[in-house]
Structure formats: structure tokens, C-alpha cells
Amino acid sequence: MKCLRFLRRGFLSMLPSKRSAGADGGQPKRPKLGESPPAASNGTRNGAPPEIDEDLHSRQLAVYGRETMRRLFASDVLVSGLDGLGAEIAKNLALAGVKSVTIHDVKNVDIWDLSGNFFLSEQDIGNNRALACVSKLQELNNAVLVSALTDELTTEHLSKFQVVVFTDISFDNAYEFDDYCHSHQPPISFIKAQVCGLFGSVFCDFGPEFTVLDVDGEDPHTGIIASISNDSPAMVSCVDDERLEFQDGDLVVFSEVQGMAELNDGRPRKVKNARPFSFSIEEDTSSYGAYTKGGIVTQVKEPKILHFKALRDAMRNPGDFLLSDFSKFERSPVLHLAFQALDNFRKEHGRYPTAGCEQDAQSFLKFAADINEASIDSKLDEIDEKLLRHFASGSRAVLNPMAAMFGGIVGQEVVKACSGKFHPLYQFFYFDSVESLPVEPLEPSDLKPENSRYDAQISVFGAKLQKKLEQSKIFMVGSGALGCEFLKNLALMGVSCSSKGKLTITDDDVIEKSNLSRQFLFRDWNIGQAKSTVAAAAASAINPSLQIDALQNRACPDTENVFHDTFWDGLDVVINALDNVNARMYMDMRCLYFQKPLLESGTLGAKCNTQMVIPHLTENYGASRDPPEKQAPMCTVHSFPHNIDHCLTWARSEFEGLLEKIPNEVNSFLSNPAQYAAAMRKAGDAQARELLERVSECLAKERCNTFEDCITWARLRFEDYFSNCVKQLTFTFPEDASTSTGTPFWSAPKRFPRPLHFSATDSSHIHFIMSASILRAESFGIAIPDWAKNASKLADAVNKVAVPEFKPRKGVNIVTDEKATNLSSASVDDVAVIDDLLSKLEEYAKNLPPGFQMKPIQFEKDDDTNFHMDLISGFANMRARNYSIPEVDKLKAKFIAGRIIPAVATSTAMATGLVCLELYKVIAGEHPIEDYRNTFANLALPLFSMAEPVPAKVMKHQDLSWTVWDRWSIKGDLTVAELLQWFSDKGLSAYSMSCGTSLLYNSMFARHKERLQKKVVDVAREVAKVEIPEYRRHIDIVVACEDDDGNDIDIPLVSVYFRESASGTRL
């Protein structure tokens, strides 16, 4: 019954609530003509910079940074036209956190709006579109002021906004408003966007002179210098630790260069002849000092000035169009013409062309021809009439996938206009997805409206495909950011919305505060609840006909009893909404096995990608993989860091070792000393010895009984980490040390460290002690006094700690081998030491209170009150100070150490819109591979790259051919010998077969001959210990074969159907 209460709250989240009402409990007051909206409640006080809720916006901050977020918080935006596109744009802006969003519309809701605008329901039909949306939009972010305008717009309205967006406006009105915005001081950024069926357009005008502060949002590239020549031009060589990312023309600055100090003047210098590990600078260094060592070169990112044309001028001379699909190179000029023809048609007839109406099509074509004839500089030699007919027929429909895609694009352009972050779209972008139409031509009768919420979609795809969508059986894995967008899209499209359809979603995660800035189906009162359950309830509120089943199971081998063969056999499509590669690989494997289409997508900041995995047509997801991320060598992280990432990796490792791993080991020992001792003795190596040493220290000399003990522990840890270890390292390897080849030991990229001297007046030192002592007390179950968070009182306590003098020792082994996988030094007496340590542990345990257990602390990055990130950032910054590495603030430390994936709502919306355009093709069926599209997009640049998927690789042997999608199904309860003969009949010599990880048969082993007359399934049960459930009719065997010439042949998986009711195609 608990879940029903959660569901009810989820349904209510889609309805108006008092949380979004004005102070008097009614609707928020909307601005009157010429009146600016009230100030937003986003933290701005008395002109001070608005506060940023880092728990809520952490993923977005990782993309934009604080300064961009502050500019967003100060921006007022108008969105005019609350069709599906306007709703998507407004949603993305509310999630981004602009100061205010004013939504404007003079039209009332009709049934066609329910195909695109997820805020609306049948109860809203007849009401003003803006008023129907305002309270639900407000719920997405209470820090954003949301208001509605229902009057006809005038230029006087526009003066109150930094950005205005129009989704349903005539060109005459657009020219008037854009002229006003373009000449306004300061200019008002103007965006015109429109979705017409499977066609869309965007136009941006950010004024006569717009400054882009950061063109791509990427961190400046850097390099570690190895040498600089005294020459003209000077050659700069860098260490081969990582390839340089500089390009010719980039500006760079030098720092920390020794010898050639003239380059450390901070003056930008231009790169030329850029190569993977070297480049030249346009400078004569022949008279400079000779380079000796050191040096960092860093890219300088300069602002860029863009000069936008007003819409009136740009329509006549559009310049270069932003392309998305190079197979449609000539498409944009045709669509440029089509949107003008549509405007003329609407002006003439007062409506859109009717779907499938030949008379309207002819009228539309004539408008297009007349406009083309009147064009001077941009006249087309030939007009694609078939394309224009498709355009006209579906032009009234605002399809949800198109609205989602363009809502992401336009939402990102608004962020650019408000902040100067990322390169704006300059200036036109046109897109179409006519490949999404059914393969067979549609009759006009197929397109007739049925007075249903899907009429807009029916006008484009026909009633037959709509019925298929409603009856489809979908499995969606994940209910996070991608999942929320998908669920909204699927509900609006009518997917799985009949009694014969079913949408199964699963996600084992729960809602956290940081989810709310992107996962828009969730509200703050849902925190802690199951994502899938809440998301399913919210999706059902969008479309009550949705047949959805929400599960909390992780899709993995352990849940194949839930997602069993019968479940998979009944599916039409699988949609991934995942955030990790391992889960994607597993789902790819299952879709391959059951031959189900897999629609894959992912995002990273402003970037997104989609991949269509279609049985027997395309390669699978796992066919191509990104190279693994380069990991820093262990010795680099431990002793020779040269960037802040190394310091943070070390910091998190120390945090987990001190506060999670060692307490867990202590508890394991105390829970069962005999078993623990046996395990340590069995290991008997240096790592076991080192672990026991740390456990022993924790229960003996480092054991804490009072909070003062915790302060002492923290102070001594500071001394050990940031002073003693550095003194030992520089004693073992002095600054003038050389390697065995005679080269300086401390050559780049190594940085020579300096010990820190603790000071109670240094706030960063005291803050480290504070966080370390509080967490140490927590792990020992010690009460934390109120004064523990008072810096001055803590300093007084720290000054009382006696710190023993440290003297470096000779003969200390410090690992320098970059290939080393652990830092423990093996010893001939490890076993004896382990025995001695275990004996001591038994004695220490006798001094502990009865039932004593430590509290292991698991790292949690998203709680800023728990001191976890305080300690990790303290660890990292003190270490960075040792090595003269630039320090970072706690937020940046959280991004790196917490491995936070940067994310924004805009790229997520775009990705899901693109995937749903492909879903039309999959459900319709019969589409060739040429119709499908994989996409990579970067909204920051902006860049859109769409291409046909890679075909599945075809393998051949004699008259047989197969791909990765094939599975050879063999009917009959065969013996091993009969199976071998089956392959022999195909010209293949099967020499080995296995099931799971067990070898069932191999011709090299004489003892395997006795298995030849046994049933394959019996051998699997006997050797592989396979337990075959009653519902399973077959067993899968991996068979290794070779041809007559001894060449290995990679054949498909073999399924032996040993039960009589077996089904499947026999080869």
C-alpha cells in the first residue's frame, strides 16, 4: 500500500498545486502591458550575486560553471507559443534556473496540442494555453518566477527581457519584433523556432555585436614542457605523457619555465606547426637564457565577437546553413523556401494545409515556386516537390520527438544568449526526418483525424502506425534523466497506450536532490522514493491510457529469472536509458541473443549521441568500443603527482582506506578473529602484512577514545602526509638526483615537492584538521562537541598536540616503476610478521569495550554537510601545495573525485527526441538501413553529425553466411557425437564446445571421448553444473570450428533445443 501513496503524490505532481501559487494562494500574477515581472526568488539579495544550490545544480555546474549560472539567474526570458515546442523550451529553461520565464499565448488548447505539450490534459481543452501551463511549469523549479501573458504582444512587452523566443509567429510579426530587438540598447536576443511535422527550423539573432566568452566550454589544454630551443621560431617539445591538443593559431602562455625565464611574462604567444608532442612559437628565443627544466604551457581562450544579421536581411541572404546530415547537403535551401511558403499559405488561407489534401498541396507548391522565382541571390534551380508535399501535409502537427529535439537546441541557445557560454547557432538551422515516414505511401484516408489526442501524429504517420505504437511492447532500462524524457515522449506518442500494449521500466535507484535539475518528473517530496515508481506515475498522469509496469530490478545476470525468455520473446523494442557502459554492454548482449532492436543514447554535458541497433541490419553496440581511459601509474599518484587529478585520486583513495576499508577490516577481525586470522595467513603476502599493520595501528596507538584523541590523530596525520613523507621522498631522491642513465631524476613531468609547515593560523590547515577529526570521531562512535566546528577553539586544541620530530631513514624503498600495480614491498619474513601482528591484534581486542565495532564511512559526494568532500579537497589541496600544483575549490574537487558526469537537460531532451524519431521506423518495420540514423551532437559548438548506422559484418563459409545477429538453432536432444556430425555436414570441423565457463568437449583430450555418446544437455548438467529451469527449452553452446584448411571459423552461438516443444528456425 505504501507504493500507492507514492503513486498518488506522483500523479498530483502533474496537477496545479498551491506550491506554485501566488502569495494569496491564487494563480501567480501575470505582468500587465509594459510591466516587468517581479523579481525571481532565486537567491538574489540587495544586488548581491545569487546563491547557487550546489546540491541541486551540481551536474549543471560541471557544465556551465558558477559565473554562467549567475548570469542565468539574472536573466528574464519570454517564450511565446505554448505548443509542444514552446512547452519543451520553457521546461528546459525552468530546469536550467533562469531568473524568470514568462510564457505567452493567445490561443486556446485544442486536442492536437495533447500530442506535443506534456503540461496539458483533456481538461485543459478550451482554456488559454499559457494559463493552462503556468502552474505546472512552476513546479519544475520554485526558484524561477513563472508567469503568463495572454494579450497580443507588442514591442513594449519585449523590452523587459534579455531573450525572447517565438515558436508560432508569422514572418511579418517576426520581422517587426526582431527589428526592435536588434536595434534595442542593449540588444535583446531573438530566437524564432518552428516544428512542422517532421520538419523544424531555428533562427538566432543575438544583436549586431555579441561576445562569446567561451566558444566550446572545454577546459584550456595544457602541456608539460620537456625542452625549448634557442631559435627563431622556437621549438617547444613536451613530455609524451599525453598528446597535445593545440592547433595552429591557438594562443598559449608559459609558466614555471626555468632557464628561459623570459617566457614567464604571461604574454600570449601563437602556436604554429602543432604536432602531437611539440609545436613552434613565432618568437626568436636565440638571445634568451638556455632552457634548463620545468615549465607548463596553457591555452588561452579568447572571447569571440559575432555580428548577427537581423531576420529581415538574413532571409534574403541566409549565408551558410548549419548542416546535420551530409546526405542531405542540398536540403536546407529547400526548407528555407518551404517555411516561407507555409507562412504565405497561412496568411492567404488562415490555416495550415490539410493533411493529404491535393488542392492544398498544389496551392503550397505554387507559393513555393513564386517565392523561388522572386529570389535573386538564392534561387533554386530545382525544387523537390515530393519533399514539399510531405512538408505541407504534416505542417500543422507539432510532433513530440521533434519538439523534444528542438526544445533542447533552442533551450541551449537561450543559455548562450544569457551567458555568452558556448558558440551560438549562426544563424539558421533546418532539419527533417522524412525517413521516419512509413515505407509504403500513405493514402489521404489514413491521415484523417479521429478526434483523439493523437490526431497530430496521425496526420503525419497515419492511423495504422498509430495503432502499432499503441500496441507495442517496450522495455526501458533506467528511469533517470534520459528515462524521464523518454517516458514523457512515449506517453505523448501513445506508445503502449492500448490494452494490447505494455511498457515495462526498471531502475533500482532512488531519487536524490541532485536529480531534480534534470529529471523533471520528480519533485522534492519524492526524494528517497524509487525512481521507476514515481516516473511511471508521472507518465501515467501525462497520458492515463499508458499501460506501464514499474520495477526496481537491476537488469543483470542475477535478475534473469525476472527478465526471462518469455519476457524477452514478447518485446518489440528495448530502449536504454542508462549511465554506464557495463549495463549497456549487458543489454546489448541480451538484445543480440533475443534479436530485439535496441535504441541506445547517452549524454555528456552539452554532448549527446544516439545509436540504433537493429537486428540483422546494423552492428551491435559492443561491436565498437571507446578506448579505455588512461589511468595514471600508481607510483605517479602516490609519490610523483603533476596535476590536481592525481592529487584527488590519491585523496579519495586515502579517504576510503582510512574511513571505510580499515574500519571494515577491524570489524571483520572482531566479528570472527579465527576466520580472519586464517584468511590473512592464507594470503601470506606483503599486502596482507601491510593491511594488518594498519588494522593494528587503528586499534593500538591510533585508537581514539575522546574527541581530543581524534584531533591528535588528525594533526599527526597532517604531519605524516604533508611533511614527513615529503622529507623522506626528497631525502631518498634529492633535487639533484640522477637516474641510472644520468638524466636528472626530477625531470618533467615529475615535480620536486616541498614539505608543509603546519600553522594554526592557516584556515586550510585548520579546516583539514576539523574535517579529519570529525570523521575520525564518527568512525569510532565518539560524540562530536559543538566547539569542534569553531575554528579558533579547534586551533587552541591543535596547538596542544605534541608532534614528534621526524628524521628521514636510509634504505627506504619508494616505488618508481610506472608498471607497478601495488606499492607493498615483499619481505622474506612476511609470514612471521603476519603471525606476530595477529597475536598483537588478539591482545588489543581484549582492551576494547564488549561488542565494540567501528563505523565504516562510505564516501557520499552529494551531501555538503557530511565533511566528506571537505576532507578529500583538504587532502588534495595540501598535497597540491606540496608539489606546487594549482589548488581547486570544493566544487571542482567534487566533480573530479566524485566522478560526476556533467549533465544538462537540453542535451538529454535532444537525445531522446532523436531516438523517438527512430522508434517510428522500428515500430513501422520494413525500413532499410539507409533510413536509420546514428547521431553525435555537441550543442556547445553547435555541431550535429548524423549518419547511417554501420552494417552488421557478414561472415561466410561455403554456402553459409551469417552475422552477429544469427543464432544457429538445432532441434533435437542430440548427443555430442551427433552435434559434431551436424557441423561436419556443413563442412566444419568442430573441435571444442563449451557452456558458460566450462569445457564440455575438446578433441585434444582423450578422456573427453567417453562423452561423445552422452546427450549434450546431460554433459552440460554434469560438467558445467547447469541448472535448466522448466521454462527453458534449449541450452546454449559455444562451438569452436575450423575449415578443411585448418582456419578458425567464428560461428554464431548454437542453441540445442532438447525439449519436444522446442521452437526456433532450424538451419
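Biologist: Is E926 buried or exposed?
Modeller: Compare its relative accessible area with the cut-offs: buried is under 20%, exposed is over 50%, and partly exposed lies in between, with a 1.4 Å probe and protein chains only. E926 has a relative accessible area of 67%. That makes E926 exposed.

Biologist: What kind of model is this?
Modeller: Residues are numbered from 1 along each chain as its sequence is written, and side-chain values use heavy atoms, leaving out hydrogens and water. Local features need pLDDT of at least 70, side-chain atom pairs count only at pLDDT 80 or more, totals for chains, interfaces and linings use all residues, and the model is predicted.

Biologist: Where does E926 lie?
Modeller: E926 has a positive phi of about 70°, although it is not a glycine. Helices (H or I, at least four residues) and strands (E, at least two) are DSSP runs, numbered from the N terminus. E926 lies in the loop between helix 28 (905–924) and strand 22 (934–938).

Biologist: What is the relative accessible area of K1025?
Modeller: K1025 is not a glycine, yet its phi is positive, about 55°. K1025 sits in the loop between helix 30 (1016–1023) and strand 29 (1034–1042). It is exposed, with a relative accessible area of 62%.

Biologist: How many helices and strands does the protein have?
Modeller: Count the DSSP runs along the protein. The count comes to 30 helices and 31 strands.

Biologist: What radius of gyration does the protein have?
Modeller: The radius is taken over C-alpha atoms, and the globule rule is 2.2 Å times the number of residues to the power 0.38. For 1067 residues, a compact globule would come near 31 Å. The protein agrees with that, at 33 Å.

Biologist: What share of the residues counts as buried?
Modeller: The C-alpha trace spans about 95 × 85 × 70 Å along its principal axes. Of the 1067 residues, the buried share is 55%.

Biologist: What share of the contacts joins residues at least 24 apart?
Modeller: Contact means heavy atoms within 4.5 Å. Take the contacts between residues at least 6 apart in sequence. The share joining residues at least 24 apart is 73%.

Biologist: Which helices do the buried residues of helix 13 pack against?
Modeller: In helix 13 (residues 463–471), L465, Q466, L469 and E470 are buried. They cover an arc of only 140° around the axis, so they are on the same side of helix 13; the arc is that of the directions from the helix axis to the C-beta atoms. The face turned away from this buried side carries the exposed K464 and K467. The buried residues pack against helix 12 (455–461), helix 14 (481–493) and helix 28.

Biologist: Which residues is T975 in contact with, leaving aside its neighbours within four places in sequence?
Modeller: T975 is found in the loop between strand 26 (967–971) and helix 29 (976–985). T975 is buried, with a relative accessible area of 9%. With those neighbours left aside, its contacts are L1012, Q1013, K1014, K1015 and V1016.

Biologist: What is omega for the peptide bond from Q185 to P186?
Modeller: P186 is in the loop between helix 6 (171–183) and strand 5 (189–196). The bond from Q185 to P186 is cis, with omega near -5°.

Biologist: What is omega for the peptide bond that joins A748 and P749?
Modeller: P749 is in the loop between helix 22 (707–732) and helix 23 (763–780). The bond is cis, and omega is about 10°.
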